[in-house]
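Visitor: I'd like a walk through this one, from the parts down to the contacts. Can you show me what we're looking at?

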Amino acid sequence: MNTINLTLEVWRQSGPAADGGFVTYEANDVAEDMSFLEMLDLVNEQLIATGEEPIEFESDCREGICGTCGVMINGKAHGPEKATATCQLHMRKFDDGDHIVVEPWRATSFPIIKDLAVDRSPLDDIVTAGGFIGVNTGSAPDANLIPVPKETADAAFDAAACIGCGACVAACPNSAAQLFTSAKIQHLNLLPQGQAERWKRTEAMVETMEQFFGSCTNHGECTEACPKEIPLDFIAYTNRDYVKSKIKNRKLAGQS
Amino acid sequence: MIGSLDPRVPDGPVADKWTNHKFDMKLVNPANKRKFEVIVVGTGLAGASAAASLGELGYRVKALTYHDSPRRAHSISAQGGINAAKNYQNDGDSVFRLFYDTVKGGDYRSREANVYRLAEASVDIIDQAVAQGVPFAREYGGLLDNRSFGGAQVSRTFYARGQTGQQLLLGAYSALMRQVAAGTVDLLTRTEMLDLVVEDGRAVGIVTRDLLTGEIASHSAHAVVLATGGYGNVYYLSTNAMACNVTAAWRAHRRGALFANPCYTQIHPTCIPASDEFQSKLTLMSESLRNDGRIWVPRDPDETRMAKDIPEAERYYFLEEKYPAFGNLVPRDVASRNAKTVVDQGLGVGPLKNGVYLDFAVARERDGVESIRAKYGNLFDMYERITGEDPYERPMRIYPAIHYTMGGLWVDYDLMSNVPGLFVLGEANFSDHGANRLGASALMQGLADGYFVLPYTIGNYLAPLLGTNPLPTDHESFRAVNAEVAERTRHWLEIKGTRSVDWFHRELGKICWDNIGMARNSAGLEKALSEIPALREEFHADVRILGGDEGLNTSLEKAGRVSDFFELAELMARDALTREESCGGHFREESQTDEGEALRDDDNFAHSAAWEWTGSDTEPIRHTEALEFENVALTQRSYK
Ligand SMILES: Cc1cc2nc3c(=O)[nH]c(=O)nc-3n(C[C@H](O)[C@H](O)[C@H](O)COP(=O)(O)OP(=O)(O)OC[C@H]3O[C@@H](n4cnc5c(N)ncnc54)[C@H](O)[C@@H]3O)c2cc1C
Ligand code: SF4
Ligand code: FES
């Protein structure tokens with residue numbers, strides 16, 4: 001089993017209102033087969049053994065699908081590997097003697113809870129604003145009564161693959177949430193089932209997003225950081241839909 | 001014991017029971033629904049679908065999760081698919097066939113009536129999900145695609161690339177958030193239920209801890225619904241998400257709810273073998289891989305060549321040889337046990353000799369690498385990421401891991417536990433899967449429970465309560481439980497021992513895996529029954545929880561969960577010891593056929609065991625619910 005030794009600089013902050021700062025830890029005998037989070041588990045075991053409070057960080061599925069994990073690794077959201085959530089990053093991607101800086105997502109809309117854990121609840125607020133199709137349980141027609149061309153279904157799927165991790169926001173110089181919001185909107189806007197509420201949804205979600213997050217200036221850092229490689233195209237579609245929604249929503253209300 | 005063990009299955013032919021029951025149940029009229037408050041704990045597939053549907057009906061719902069968002073529930077990680085008896089493929093599927101397969105797959109240890117209803121509801125789930133925008137796989141004609149999945153001889157599995165769970169959960173989550181927006185559901189995130197409050201023999205509320213502030217709070221309602229998932233993490237290493245735990249169910253058990261068949265745990269055959277001691281969880285790869293992958297080990301235990309250099313004649317395709325009809329597609333338990341057998345014989349592969357090969361060479365030859373990539377690309381990528389080995393070039397290494405738990409809180413036909421007012425849905429209950437769950441059936445069950453069963457059956461319980469108010473949270477019963485919860489939290493912080501929670505959890509996991517794992521025998525189970533309480537005592541005396549109870553403290557959260565796992569583990573061992581037969585995921589070495597197959601004992605064990613808690617240091621009481629099979633003939637499973 002190959003092992004490496006590392007120096008970590010980890011952001012420690014005891015609570016939302018406390019001042020934070022970097023603390024240096026030596027992580028020795030890290031197996032290359034470990035994931036990045038298992039490496040942090042190991043450091044935490046050592047901290048507990050010496051009586052120091054473990055580093056708080058969040059994770060759950062540890063296989064890149066729940067979107068719970070996420071830290072800045074040497075300034076990159078989810079670390080250096082493309083299309084990889086923090087929990088899927090393995091230590092064989094690092095070299096013996098590496099110096100690694102570990103920070104929480106940095107965005108004013110994601111306040112720090114403790115150490116590396118942040119509050120991403122504004123993402124849920126965007127969904128609550130309209131990220132659904134209004135169909136009550138029991139009222140759906142037979143599934144095959146709504147044929148969806150495969151290409152359409154695939155495009156919607158590409159958007160639906162977003163795991164809500166917030167890396168796009170953390171990577172963006174403006175802390176914008178355009179990629180997340182567009183993924184959520186386009187998943188539904190592209191499907192025939194999503195047409196009835198398309199304009200209402202777009203307007204409500206975009207405007208809720210704007211209450212919390214910065215504006216998009218097309219840097220493209222979001223896609224780079226995104227573990228699911230959600231393409232920028234969805235932002236373009238959403239901008240188009242948003243402009244249209246302004247007109248359509250008035251028409252729908254009978255004020256054309 | 002609170003309540004009774006009467007399953008309250010409606011009369012009549014199995015195919016008519018649910019329809020008749022829906023007609024016979026009491027209704028709450030639309031205007032009165034808002035007079036009822038319901039707590040739903042858990043917002044995975046089962047909880048989110050239930051909370052959304054109850055909200056739509058007009059009930060006042062409070063939904064809680066310890067996650068920061070409902071979208072993070074463990075359901076999100078289901079890969080393979082969801083079954084439904086749509087028969088879109090015209091290959092002879094039907095509600096009856098799905099019912100039949102599920103009862104048989106469960107090794108005749110489930111309740112027929114519940115399973116039949118599940119099969120009926122399956123078709124509505126697909127309709128509902130598609131209407132919500134769940135992007136299931138489609139054919140070029142625009143209609144839905146299906147595949148055949150683990151052990152099924154028809155193509156009835158709907159799937160969404162390798163992320164069926166995520167897409168279905170996003171559907172249920174969006175429905176839930178729509179109700180949050182509508183004001184019918186009050187959603188509390190990062191809130192963990194730590195106890196149930198029972199008054200006058202009814203569930204009247206819960207006590208929670210706010211994971212960000214540490215505040216302990218009481219919540220009352222007319223009914224409490226638990227949809228809190230399974231307990232696979234009792235083994236420490238499993239395919240479950242890190243935080244999955246049994247606390248909600250276990251605390252309800254300690255307050256009187258019976259825990260049924262805890263020894264029915266499922267091992268999944270296609271997981272990536274552990275690489276070292278610090279492995280934090282195991283990763284499953286969809287068993288759809290078995291459709292095209294062939295499982296083998298070298299015949300020679302001292303084999304050192306690379307897989308591709310080992311000639312055909314020196315490979316042991318153990319499943320194909322032993323089970324010519326089903327081959328690599330035998331049910332999970334059979335596939336898993338056979339892998340264990342060959343690894344125990346020293347035939348394992350990989351650096352720790354702890355796996356078997358899953359080889360795609362033939363499929364690659366036959367269909368081309370692009371077809372393999374199209375079907376399994378994401379799984380292959382995941383495998384490479386974790387192991388650093390390229391599965392397009394060399395066979396995967398796989399080994400079974402704990403994956404799902406069929407046992408859970410006992411419920412009647414209405415999904416109500418023996419404690420009136422306490423309903424249990426999804427993986428947290430014991431219904432439907434018997435001793436073994438078929439692939440793609442857990443998503444189906446969670447959503448059937450939440451969308452299509454509970455919304456009807458809860459009305460039957462609530463209707464007579466019209467005009468009553470929930471118990472005030474300053475009532476003595478709430479105050480007492482609240483104080484107990486606060487005391488437990490203090491207890492963890494005051495121990496100031498020497499070892500981490502994870503250390504104890506790992507040790508507990510080893511005892512469970514070695515003795516209550518894939519194969520069990522009385523000596524091992526007795527051993528577990530003596531080792532678990534000893535380790536538990538040490539845990540209570542020596543665990544080290546640093547930090548305080550205000551603010552986020554993950555170790556503190558884990559301490560309570562691991563403590564409940566200890567008590568559950570003991571019950572699992574006891575249940576496994578008492579069930580002196582092999583069935584489904586429960587394999588007692590003393591009970592096997594000459595060919596080494598699981599041997600049921602229908603004369604003595606055609607029942608569910610539902611355990612009653614009597615205290616930490618006293619033996620629990622075993623109650624039984626007899627299982628009657630009127631529609632499916634009991635046969636010895638044979639996949640030869
Ligand atoms: C890797 C993997 C792949 C799988 N693939 C498939 C598949 O392809 N097909 C299939 O049918 N099944 C599959 N399964 C099984 C299936 O995913 C689960 O059985 C199912 O999703 C469980 O859903 P649930 O709603 O019951 O629970 P969960 O999704 O586990 O949700 C539990 C919820 O309860 C909450 N909770 C728990 N305890 C508390 C508490 N004390 N206080 C507050 N909240 C609490 C959690 O926050 C969460 O919201 C898979 C399982 C795994 C592990
Ligand atoms: S768009 Fe990508 S980075 Fe942003 S939340 Fe979704 S998955 Fe994460
Ligand atoms: S822990 Fe779930 S995505 Fe990383």
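Visitor: Into which domains is chain B divided?
Guide: Ground rules come before the tour: this is a predicted model, where local features need pLDDT of at least 70 and side-chain atom pairs count only at pLDDT 80 or more, while totals for chains, interfaces and linings use all residues. Residues are numbered from 1 along each chain as its sequence is written, chains are lettered from A and ligands numbered from 1 in the order in which they are written, and side-chain values use heavy atoms, with hydrogens and water left out. Domain bounds here come from an automatic or database domain assignment. On that basis chain B splits into domain 1 (2-264 + 406-465), domain 2 (267-403) and domain 3 (482-606).

Visitor: What area is buried between domain 1 of chain B and domain 2 of chain B?
Guide: Their centres, taken over C-alpha atoms, are 32 Å apart. In contact terms (heavy atoms within 4.5 Å), 21 residues of domain 1 of chain B meet 23 residues of domain 2 of chain B. Buried area is the accessible area (1.4 Å probe) that two parts lose on being put together, summed over both. Carbon and sulfur atoms give 53% of it here, and the area is about 1900 Å².

Visitor: How many salt bridges are there between domain 1 of chain B and domain 2 of chain B?
Guide: A salt bridge needs a side-chain nitrogen of Lys or Arg within 4 Å of a carboxyl oxygen of Asp or Glu. Polar contacts (N or O atoms within 3.5 Å; within protein, one able to donate a hydrogen and the other to accept it, with residues adjacent in sequence counting only if both atoms are side-chain atoms) do turn up between these two domains, in 8 residue pairs, both at pLDDT 80 or more. For salt bridges between domain 1 of chain B and domain 2 of chain B, the count is 0.

Visitor: Which residues in domain 1 of chain A lose the most area to domain 2 of chain A?
Guide: Chain A has domain 1 (3-114) and domain 2 (120-255), and the two bury about 1500 Å² between them, 56% of it on carbon and sulfur atoms. On the domain 1 side of chain A, three residues together make up 33% of what that side buries; the ones losing the most are Lys82(A), Ser109(A) and Phe110(A).

Visitor: Which residue of chain B meets Arg120(A) in a salt bridge?
Guide: Within chain A, Arg120(A) forms a salt bridge with Glu58(A), closest N and O atoms 3.8 Å apart. Across the interface of chain B and chain A the rule finds 7 salt bridges. In one of the salt bridges Arg120(A) makes, at 4.0 Å from N to O, the partner is Asp68(B).

Visitor: Which helix gives the most to the side of chain B that touches chain A?
Guide: Chain B brings 72 residues to the contact and chain A brings 74, with about 6000 Å² buried between them and 45 residue pairs in polar contact, both at pLDDT 80 or more. Helices (H or I, at least four residues) and strands (E, at least two) are DSSP runs, numbered from the N terminus. Several helices of chain B supply at least two residues each, including α3 (45-57), α6 (164-182) and α16 (554-578). With 9 residues, the top contributor is α6(B).

Visitor: How many charged residues are in the shell around ligand 2?
Guide: Residues count as near with a heavy atom within 4 Å, and those around ligand 2 include Cys162(A), Cys165(A), Cys168(A) and Cys226(A). For classes, Ala, Val, Leu, Ile, Met, Phe, Trp, Tyr, Cys and Pro are nonpolar, Asp, Glu, Lys and Arg charged, and the others, Gly among them, polar. The shell has 10 nonpolar and 2 polar residues, and the charged count is none.

Visitor: Which residue has a backbone N or O atom 2.9 Å from an oxygen atom of ligand 1?
Guide: Of the 37 residues around ligand 1, those coming nearest are Thr65(B), Ser75(B), Gly80(B), Glu427(B) and Leu443(B). Backbone polar atoms approach ligand 1 too: Gly44(B) is 3.4 Å from an oxygen atom, and Tyr66(B) is 3.4 Å from a nitrogen atom. At 2.9 Å from an oxygen atom, the residue is Ala46(B).

Visitor: How many residues apart are Arg12(A) and Asp115(A)?
Guide: The two form a salt bridge, with closest N and O atoms 3.2 Å apart. Arg12(A) is in strand β1 (residues 3-12) of chain A, and Asp115(A) in the loop between β6 (112-114) and β7 (117-118) of chain A.
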